[in-house]
Amino acid sequence: MTGAKPVRVRFAPAPTGSLHVGGVRTALYNWLYARHHGGTFVLRIEDTDAARSRGEWIVGIQETMRWLGLDWDEGPFLQSDRLDQYAAAAGRLLIEGRAYECYCTPEEVKARSDAAMKAGRPPGYDGRCRDLTAADRAARAAEGRPRSIRFRTPDTGISRFDDLVRGEVSVEWSTVSDFVIVRSDDSPVFFLANAVDDAEMGITHIIRGEDLLDTTHRVLALRDALGESMDVRYAHLPLLVGADRGKLGKRHGSVAVEDFRDRGYLPDALVNYLALLGWAPADGREVLTRDEMVAEFDLDRVTHSAAFFDYKKLDWLNGEYIRAMPLDELTVDVLTEATARWGDRVDATTAHEVARIGQERAVTITGLVDQAAFLFETDDEFTMDPQDWDNAVAKTERAPEVLDAVIAHLAPSEWTAERTDVRAPIDALGIKVSKAMPLLYTAIEGHRAGLPLFDSIALLGRERSLARLEAARRRLGSAAEPTTS
RNA sequence: GCCCCCAUCGUCUAGUGGCCCAGGACGCCGCCCUUUCAAGGCGGUAACGGGGAUUCGAACUCCCCUGGGGGCACCA
C-alpha cells in the first residue's frame with residue numbers, strides 16, 4: 001500500500017471519438033476512487049495521435065463528463081501541449097542507449113512480423129535496427145528513410161507488477177519486442193507520453209480497462225529507464241462486452257453516451273448502472289445515491305471477469321430513478337424533450353400533466369414523451385399503430401357498439417372531469433370494461449399501451465377526443481366489410 | 001500462431017474451507033391488483049464448465065483440460 005500518500009488518479013481518454021460506456025465506466029471508477037479517498041481526479045487528454053484526434057471530441061468528452069456529474073479537479077491537460085517534455089525524455093533514453101533509432105518502415109515491420117507469425121515464431125519487431133552503427137544510420141538517413149525511435153526491451157528476465165484487482169501479473173521479457181516511442185514525424189507514442197505524464201503528474205493509482213493490461217510492463221519499464229519514481233499502483237478493470245461478448249467499442253452499435261442521453265436515460269441512473277458493472281457494495285444494495293457509492297466504493301471489491309451491458313436492467317433502473325424524481329424535475333425533462341420535438345405546441349401545463357400521470361410507469365424520458373405524442377400531433381400527423389388496432393378490433397366484441405356508446409357518452413357539451421371516465425357506457429352494454437380498453441386506447445392515443453385513458457381524454461379535450469373516436473368508428477365501418485380473401 | 005487475463009442462475013453479482021443441496025437484483029413464467037400496459041404486490045424457474053489434488057470437509061486452495069476475452073500498430 002502507498003500509506004498515507006494522498007490519492008491522485010486520472011482519466012486519460014484519447015479524443016478520437018465520443019465517450020462510450022466503457023470509457024465512462026473507467027472515468028467513473030477513477031472518480032469514485034478519488035472521492036472515496038478524498039483524493040484528486042485529473043483529466044488528461046491523450047491527443048498525441050494528431051491524425052485521429054479532434055478538437056470537437058475534446059469538448060465533447062468534457063460535456064459528457066459534466067452531464068454525468070463526473071467533475072475533475074485538475075485539467076484538462078493536453079499532451080499536445082507537452083510535446084517538448086516527451087522529446088526530452090526520448091532524447092535521454094537515446095543518449096543512454098535505452099532506445100535507438102529505427103529506419104524500418106511500418107510496412108516492412110508488419111511484413112516481417114506477419115512472416116514470423118506464420119512461421120510460428122513470436123510476432124513483433126525483429127530488432128533489425130538495434131545495433132546500427134553511426135555509419136549505418138547516416139546511410140539510411142541519406143536514403144531518405146523515415147526514422148523512428150524504439151525502446152530497447154530487456155532480452156531476458158521477467159516483468160512483474162502487483163495489480164490492485166488482479167494480483168501479480170507477469171510476462172517474460174523475451175516475448176516483448178522493442179516498441180516505438182517516437183514516430184518518424186517526431187510525435188510521441190502512447191507509451192512514452194503516458195509514462196512521462198503519470199510520473200510527472202504524481203498519479204498514485206492508475207485505474208483503466210483490462211485491454212491495457214499488457215502495455216503496463218512496457219510503460220513501467222520506460223518509467224524505470226527514465227529514472228522516474230516507481231511508486232504507482234495499477235488497477236485493471238474488467239472489460240465491458242456487447243451482445244457478441246466482444247469488447248464494447250465502435251463496432252458494437254450505439255454505445256456512445258450521447259445516445260443514452262438522447263434516448264431519455266437519466267445520468268444518475270446510467271452512473272448507478274455502470275457502477276454495478278464490475279463492482280458491488282458489500283451489502284448488496286443496487287440502487288445507490290452518489291454519496292452512497294462514494295462511501296462504499298473501493299478497488300478490492302472490483303470483479304475480475306468481463307461484464308455484459310444489459311439494457312433491460314438499465315431500463316429497470318432508469319424507471320426507478322424516474323419514479324423517485326420530484327414531479328417538477330420530471331416536468332422540466334418532459335417539457336424539454338417534448339418542445340424539442342413539437343416546438344411551441346407544447347405548454348408547461350400539459351407537460352406537467354404528462355409527467356404526473358406517466359411517472360409511475362415510465363421507463364425513459366423519451367419513452368414517456370412518446371406516449372404523449374398523441375397530445376401534440378395534429379390530426380394529420382396522428383396515426384394508430386396498425387397492429388395494435390387490428391388486435392384490438394379482433395379482440396373486442398361488438399366493437400362498433402362500444403365506440404358508439406363511448407361517443408354518445410362524451411358527446412354532451414357539458415364537459416366535466418368525471419365524464420372522461422368511460423366505463424359506465426361500456427358496462428351498460430354488458431361488455432367487460434377491461435376487454436374494450438385496448439380499442440379505446442388505440443383510438444385515442446394511437447397505441448395499445450399508453451398514458452391512463454381517462455386523464456388522456458381530459459388532456460386531449462372533448463372535440464379532439466370525439467374526432468378520434470369517430471375516425472376510429474368510420475375505420476371500423478369499412479373494416480367490417482366482408483373480405484374477399 | 002505467440003503472450004496475457006478471466007471462468008457462480010439467460011444477465012449483473014454475493015460468496016474468500018464448514019452458516020451454501022449456493023443468496024440478491026434484472027429478465028423470464030404464473031397469480032393478484034387494475035382503465036389497456038411498460039408500474040406495484042406475491043410466488044416460481046434458473047448457476048458453482050470438466051477432471052485430478054490438498055482437506056474430516058471445497059463454489060471458495062493447487063494443477064491440468066476446456067471455454068471466453070484481451071494484446072501482439074509509427075492507435076490508445
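Okay, a definition to start: two strands pair if DSSP finds at least two bridges between them. Keep that in mind, and remember that this is a predicted model.

So, let's look at strand β5, residues 148–151. On one side, 4 bridges join β5 to strand β4, residues 99–102, and the two run antiparallel. Tyr100, for instance, has Arg150 in β5 as its bridge partner. Then there's strand β8, residues 179–182, joined to β5 by 3 bridges, again antiparallel. Here Phe151 is partnered with Phe179 of β8.

Next up, helix α1, residues 21–36. With 16 residues at 1.5 Å each, α1 should span 22 Å, and its end C-alpha atoms are 22 Å apart, so the two agree. Most of α1 is covered too, with 14 of the 16 residues buried. Just past the helix, Gly38 has a positive phi of about 65°.

Which element gives the most to its lining? That's α1, with 5 residues. The lining has 38 residues in total, and those nearest the centre are Pro13, Ala14, His20, Asp211 and Leu212. By class, you get 14 nonpolar, 14 polar and 10 charged.

Last one: the second largest pocket, at about 390 Å³. There, α12 gives the most to the lining, also with 5 residues.

Conventions
Residues are numbered from 1 along each chain as its sequence is written. Chains are lettered from A and ligands numbered from 1 in the order in which they are written. This is a predicted model: local features need pLDDT of at least 70, side-chain atom pairs count only at pLDDT 80 or more; totals for chains, interfaces and linings use all residues. Side-chain values use heavy atoms; hydrogens and water are left out. The expected span of a helix is 1.5 Å times one less than its number of residues. Buried means under 20% relative accessible area, exposed over 50%, partly exposed in between (1.4 Å probe, protein chains only). On a 1 Å grid over the protein atoms alone, a cavity is a set of points where a 1.4 Å probe fits but cannot get out, and a pocket is an open set with protein on both sides within 12 Å along at least five of seven lines; lining residues have an atom within 4 Å of a point. Ala, Val, Leu, Ile, Met, Phe, Trp, Tyr, Cys and Pro count as nonpolar, Asp, Glu, Lys and Arg as charged, and the others, Gly among them, as polar. Grid points are joined across faces, edges and corners, and a volume is the space filled by probe spheres set on the points.
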